[in-house]
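Colleague: Walk me through the aromatic contacts and the surface here. Keep it short.

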Amino acid sequence: MMKKVAIVTGGSRGIGFSIARQLGVDGYRIVILATGEAGRYQENFHLLDELEIEWHYVQGSIDSTEDRKRLVEETVSRFSRIDVLVNNAGVAPLERNDLLEMTEESFDRVIGINTKGTMF
Ligand SMILES: NC(=O)c1ccc[n+]([C@@H]2O[C@H](COP(=O)([O-])OP(=O)(O)OC[C@H]3O[C@@H](n4cnc5c(N)ncnc54)[C@H](OP(=O)(O)O)[C@@H]3O)[C@@H](O)[C@H]2O)c1
């Protein structure tokens, strides 16, 4: 039977990587989306290889319409199906200020990634 496929946004490290690894152990093929260069995550990808988990990395951002489209296209072209989406990617403000000091730029970045990016 063809193995199921899970996309984990922000699955390159942190909580997302643990989710990706566990889904892989549970029998899923994994597609990971994150903004960093693949080279940055070699150690974690190596762990997936050791566990014989099939994975594919897409470098891109959930707040980019083009990147989200490419994520789906690459997943279908590599693994032919999508069964699960784990909407894990998210950011905190670059600078944690008092509420009254929040800039519009910071608000737009956090909402753009965490809320809009996750939604779309
Ligand atoms: N840890 C906590 O205590 C805590 C508490 C509440 C909520 N959360 C939320 O839980 C999620 C995971 O937390 P974490 O602590 O594991 O975070 P983390 O260590 O900062 O990891 C975030 C992951 O998301 C990726 N990422 C960041 N921005 C992205 C973007 N625009 N598009 C795609 N991928 C992106 C990061 O890789 P790149 O940097 O390469 O993009 C990384 O893989 C986040 O949404 C976080 O806000 C965490």
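Colleague: Is W55 buried, exposed or partly exposed, and what decides?

Modeller: Buried means under 20% relative accessible area, exposed over 50%, and partly exposed lies in between, with a 1.4 Å probe and protein chains only. W55 has 22% relative accessibility, so W55 counts as partly exposed. This is a predicted model: local features need pLDDT of at least 70, side-chain atom pairs count only at pLDDT 80 or more, and totals for chains, interfaces and linings use all residues. Residues are numbered from 1 along each chain as its sequence is written, and side-chain values use heavy atoms, without hydrogens and water.

Colleague: How many aromatic pairs does a search of the whole structure find?

Modeller: A pair of aromatic rings is described by the distance of the centres and the angle of the planes. Rings of Phe, Tyr and Trp (its six-membered ring) pair if their centres lie within 6.5 Å; planes under 30 degrees apart are stacked, over 60 edge-to-face, the rest tilted. The search finds four pairs. Y41 and F45 have ring centres 6.4 Å apart and planes at 65 degrees, so they are edge-to-face. Y41 is buried at 5% relative accessible area; F45 is buried at 1%.

Colleague: How are the rings of F45 and W55 arranged?

Modeller: Their centres are 4.4 Å apart and their planes at 15 degrees, so the pair is stacked. F45 lies in helix α2 (residues 42–50) and W55 in strand β3 (residues 55–59), so the pair ties together parts 10 residues apart in sequence. Helices (H or I, at least four residues) and strands (E, at least two) are DSSP runs, numbered from the N terminus. Ring pairs link Y41, F45, W55 and Y57 into a cluster.
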